[in-house]
Amino acid sequence: MGAVERGWLFPVPDLSLTLKTTFGYNAFRPLQREIIETSLASRDVLALLPTGGGKSLCFQIPALHRTGLTIVVSPLIALMKDQVDQLQAAGVAATYLNSTLGAAEARSRLAGLHRGEWRLLYVAPERLLLDNWQENLKAWNVTAIAIDEAHCVSEWGHDFRPEYRQISKLRELLPDVSLMALTATATERVRTDIIKHLKLRDPAVFVASFNRPNLTYKVIPKEKPADQIIAWVKKREDESGIVYCASRAATERVADTLAGKGYSARAYHAGLSADERTRNQELFLRDEVRIMCATIAFGMGINKPNVRWVIHYDLPKNIEGYYQETGRAGRDGLPGDCLLLFSAGDAAKQTHFIDEMTDTHEQQVARNQLRQIMRYAEGASCRRSELLAYFGEKFSIDNCAACDNCLEPRETYDGTLQAQKFLSCVYRINAASRFGVGINHICEVLTGADTDKIRRWDHDRLSTYGIGKDLSRPAWAAIGRDLLRLGLLVQNEGEYPTLQLSAEGIDALKSRHVVTLTKPMDLPKVRKIVRREGDIECDEILFARLRELRKKLADERKVPAYVIFGDATLRQMAREYPVGDDAMANIFGMGAKKRVEFSEIFAREIASYLQDNSRMTFNG
């Protein structure tokens with residue numbers, strides 16, 4: 001099949017040329033080229049690439065190599081404008097249609113679509129399915145449809161949106177148009193759902209590694225959290241970050257606390273008016289506000305590449321959401337830090353909410369998800385390895401050197417006596433009562449609590465009643481979870497998560513062999529990480545000057561700073577000191593249009609800096 005028959009404007013080998021001249025990148029990221037070539041061959045595609053893995057280029061570059069219009073289905077209005085701003089800055093004919101446009105502007109863009117002026121159209125799923133759009137879609141020579149954030153189609157995903165289920169109607173309306181579904185996070189079950197509900201036809205499935213090597217993961221005990229956050233921010237005053245909270249009240253409280261200390265922080269949650277949410281988000285995108293304190297209502301599709309850190313003030317509801325939220329740090333490939341403040345009390349609050357659910361299926365899903373995130377938070381093994389295992393990926397390195405458990409391994413101790421007490425208590429309750437109980441009840445029996453259930457079930461007559469009074473209930477609960485992690489106990493997955501001894505647990509109880517337990521988390525020690533994945537060593541004073549220049553240019557154009565250039569581009573300039581147009585051509589992110597528009601301005605700033613400052617040299 002020739003290039004003309006496939007509707008391409010020029011041959012596939014020119015993909016690298018498009019990548020360089022339009023976007024300023026020298027090489028594709030993993031799987032990008034394969035996805036693009038498959039899409040250009042008119043085959044349906046399901047692409048799973050991590051946040052920052054370059055999903056957008058997978059449909060943007062094919063749109064430049066095709067005749068006709070590529071429609072991009074996007075869930076958030078802010079994301080549409082953001083991506084269109086970036087594409088237009090790179091010289092790509094892209095537009096969007098949504099409720100923020102006035103009637104005259106919307107008519108103008110529609111007229112442009114009828115004239116074939118645009119290569120890409122960004123639109124929300126519900127707008128696509130309006131009755132008066134069906135004729136438009138048939139008239140616009142649509143040659144491809146890309147569905148971003150495709151996990152929204154699945155109730156098993158962390159952000160289910162019912163309107164996404166309706167997108168499959170496009171298959172009937174435009175039967176010859178290929179579909180591309182993209183997401184940054186999806187388990188095997190969610191992938192199956194995406195294919196089924198979007199009616200993808202024999203799709204080529206591409207799954208990149210979920211590993212984000214430039215991110216560092218840490219979990220610390222939650223103790224005076226306001227002070228912990230202020231101490232964290234104090235070391236990162238010039239960096240953008242997000243604090244995720246479980247409630248609207250917490251976002252307001254944390255934002256007020258930070259603002260009271262002189263930091264530029266705003267709250268974002270569903271209780272604010274749409275205008276206030278939009279304003280706060282815009283201030284954050286433009287670096288006017290450094291810190292966003294938000295519920296999970298904020299963030300999906302936030303295309304801000306220079307978020308340097310993410311804090312979870314409260315325990316996330318599930319690992320998939322946690323991975324997606326931490327993934328908003330370091331999208332530009334530069335280092336990012338992820339901190340989770342862990343409190344068993346937060347887990348107890350979630351358990352209370354789960355108990356109040358009326359749908360037993362939802363309840364069971366939520367309980368399983370809570371157990372998984374608890375295991376992650378309390379576990380002593382590599383955080384990265386745990387995250388990747390959740391998505392079915394094996395991490396091949398023993399020590400990632402970028403999480404707290406690998407950098408500062410937790411101490412272990414001979415916990416044989418404690419294990420014997422706990423395992424024996426589980427065994428005796430099951431034998432005496434012929435039914436299992438949960439971890440909290442075991443802890444109450446061990447500590448000699450006087451509860452209605454203990455009296456009703458005669459568990460105060462067991463030999464194990466009160467034999468663990470030397471430890472608190474939370475301490476015993478942590479031991480129980482450690483025994484689960486070691487596989488000596490198993491927890492049933494039903495409505496009531498009861499405990500049973502595994503075959504290994506029975507053996508440990510009978511043989512009394514040594515059981516090594518892990519000490520609970522301590523508050524972190526002060527340590528300095530010198531070199532990190534994605535770090536670009538550069539002249540920090542020049543970098544600061546270039547950031548100021550970038551912000552001035554962005555404000556003049558009323559766009560976020562990263563629409564001009566990302567931090568990686570500025571850091572390379574501050575490392576290589578390019579003062580001529582030819583030197584600028586080799587800078588990451590310097591596409592042809594941006595080179596014409598900005599290279600002279602930035603080269604002049606660098607030359608001015610070098611009049612009073614000497615060049616620095618860097619290793620590597």
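What average pLDDT does the protein chain have, and what share of the residues score at least 70? The protein chain averages a pLDDT of 87, and 94% of the residues score at least 70; pLDDT is the predictor's confidence in each residue, from 0 to 100. This is a predicted model in which local features need pLDDT of at least 70 and side-chain atom pairs count only at pLDDT 80 or more, while totals for chains, interfaces and linings use all residues. Residues are numbered from 1 along each chain as its sequence is written, and side-chain values use heavy atoms, with hydrogens and water left out.

**The seven-stranded sheet**
- Seven strands form an open sheet with parallel pairing, in the order β3-β4-β2-β5-β6-β1-β7 (strands are DSSP runs of E, at least two residues, and helices are runs of H or I, at least four residues, numbered from the N terminus; two strands pair if DSSP finds at least two bridges between them).
- The edge strands, β3 (94-97) and β7 (204-207), each pair on one side only.
- Strand β1 (residues 45-48) pairs with β7 in the parallel sense over four bridges, and Leu-48 has Val-207 of β7 as its bridge partner.
- Helix α5 (residues 103-114) lies across β2 (69-73), β3 and β4 (120-123), running at about 130° to β3 (axes are lines fitted to C-alpha atoms, for helices over the stretch in contact, and angles run from 0 to 180 degrees between N-to-C directions).

**The six-stranded sheet**
- A further open sheet, of six strands with parallel pairing, has the order β8-β13-β12-β9-β11-β10.
- Because β8 (215-221) and β10 (265-268) stand at the edges with a single partner strand each, one side of each is left without a neighbour in the sheet.
- Strands β9 (residues 240-244) and β11 (residues 291-294) run parallel and are joined by four bridges; Gly-241 stands opposite Ile-291 in β11.
- Helix α15 packs on this sheet, touching β8 and β13 (336-342), and its direction makes about 110° with that of β13.

**Helix α15**
- Helix α15 (residues 360-378) has 19 residues.
- The buried residues of α15 include Ala-366, Leu-370, Ile-373 and Ala-377 (buried means under 20% relative accessible area, with a 1.4 Å probe and protein chains only).
- At the start of α15, a side-chain oxygen of Asp-359 reaches to within 3.0 Å of the backbone nitrogen of Glu-362.

Technical notes. Contact = heavy atoms within 4.5 Å. Expected span 1.5 Å × (residues − 1). Buried < 20%, exposed > 50% of the residue type's maximum accessible area, 1.4 Å probe, protein only. Polar contact = N/O pair within 3.5 Å; in protein donor to acceptor, adjacent residues only side chain to side chain.
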